Amino acid sequence: MDEPVLLTGAGGRVGQAILRGIGDDYEWRLLDREPLPAAKVPDGVTDADQYVADITNADAVREAMEGVGAVIHLAGDPRKTAPWDSVLRNNIDGTQVVMRAAVDAGVKKFAFASSNHAVGGYETEERTPDLYRPDDGYRLDGTELPRPGNLYGVSKAAGESLGRFYHDEHGMSVVCVRIGNLTKDHPPREYERGQAMWLSHRDCGHLFDRCLQADYGYEIVYGISNNDRRYYSIERAREVLGYDPADNSADYTFEGKPKDETGDENDNPTADGGETRFDDPPAEPNFPSDPDTPTDGA
Ligand SMILES: NC(=O)C1=CN([C@@H]2O[C@H](COP(=O)(O)OP(=O)(O)OC[C@H]3O[C@@H](n4cnc5c(N)ncnc54)[C@H](O)[C@@H]3O)[C@@H](O)[C@H]2O)C=CC1
Ligand SMILES: O=C1O[C@H](COP(=O)(O)O)[C@@H](O)[C@H](O)[C@H]1O
């Protein structure tokens, strides 16, 4: 990818995981409605490459999009408890503005941050908690219909539909990544569901790198590490994107400590392989926290 890559929501948890992983590999345009402190900005990204704007501001988004070859679109309200007015504005309207501007600017590849919550309704009482355990064979693979369990999930399903539309009508390559649970350094602690959908920082950077490098038309893939516990297939991500995750929540105890080869535990702080160059963002920088979301190490 020789042209610049626009990263929306660059200051958040996923944005920072991506920039820590592949921040040196691309020419970035960073957009966020909050100004980014220098510690969150990779070397070589100038002030002119940073846009402080709301994604619902079409003029500002168009300006940031000029000359861009690919987009990673993360900006939005990430709360599973987010109210309708917020997801309507930030997640649905905002995503339409960014996709429309991308099409108009001739962007070739567009990666959209969808969510596990677009399909949360498959986690029925009958299937859980077996679903979260390594010996359960149930898999969602991205071909199933969306089945949101909350309005936030509805907004992510809407974003996937917008991507389908802009691919079919305008030919832009679109990949929707149903991200699981991004947590830094270790899987979510004492949380079976979270350990089944863990996405390490290292695998997050690699996955979005593949979204920028691979050739595809319209795809829905799951964004999780190579966890023994899982109910999302990563086969499509492997096949189409060349995703080859390095981490597995089974390499950690239930409490989140790394197991070494002899079965002993240690507290290796670089267990996810990511060298921390930027400040860690707070768990929810712009929206109040979900009440029941584990926030350690996000
Ligand atoms: N963190 C996770 O485990 C998961 C995240 N996702 C999705 O990934 C994306 C990023 O999530 P996080 O980094 O965790 O969230 P975050 O809240 O840490 O970061 C979101 C960033 O987007 C910016 N932003 C929000 N609304 C905006 C708007 N209207 N205009 C411009 N900037 C705006 C915020 O200032 C913030 O820097 C979200 O779309 C979320 O739904 C999906 C599944 C799991
Ligand atoms: O979409 C998202 O999902 C993750 C994981 O969901 P959870 O139900 O296990 O909390 C969540 O942490 C993140 O904030 C959200 O954007």
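Analyst: The account below concerns ligand 2 and tyrosine 152. This is a predicted model, in which local features need pLDDT of at least 70 and side-chain atom pairs count only at pLDDT 80 or more, while totals for chains, interfaces and linings use all residues. Residues are numbered from 1 along each chain as its sequence is written, chains are lettered from A and ligands numbered from 1 in the order in which they are written, and side-chain values use heavy atoms, with hydrogens and water left out.

Ligand 2 is surrounded by 12 residues (a heavy atom within 4 Å), and the closest are Pro78, Lys80, Ser115, Tyr152 and Tyr191. This shell comprises 3 nonpolar, 6 polar and 3 charged residues; Ala, Val, Leu, Ile, Met, Phe, Trp, Tyr, Cys and Pro count as nonpolar, Asp, Glu, Lys and Arg as charged, and the others, Gly among them, as polar.

Oxygen atoms of ligand 2 lie 3.0 Å from a side-chain N or O atom of histidine 117, 3.1 Å from a polar side-chain atom of asparagine 116 and 3.4 Å from a side-chain N or O atom of asparagine 181. Of the 380 Å² of accessible area that ligand 2 has on its own, the protein covers 91% (Shrake-Rupley method, 1.4 Å probe).

Tyrosine 152 belongs to helix 4, residues 151–170 (a DSSP run of H or I, at least four residues). With a relative accessible area of 7%, tyrosine 152 is buried (under 20%, 1.4 Å probe, protein chains only). Beyond four places in sequence, tyrosine 152 contacts Asp77, Pro78, Arg79, Lys80, Val87, Asn91, Ser115 and His117 (heavy atoms within 4.5 Å). An unreviewed UniProt entry lists Tyr152 under "active site", an annotation that may be inferred rather than shown by experiment.

Key
Helices (H or I, at least four residues) and strands (E, at least two) are DSSP runs, numbered from the N terminus. Buried means under 20% relative accessible area, exposed over 50%, partly exposed in between (1.4 Å probe, protein chains only). A polar contact is a pair of N or O atoms within 3.5 Å; within protein, one must be able to donate a hydrogen and the other to accept it, and residues adjacent in sequence count only if both atoms are side-chain atoms.
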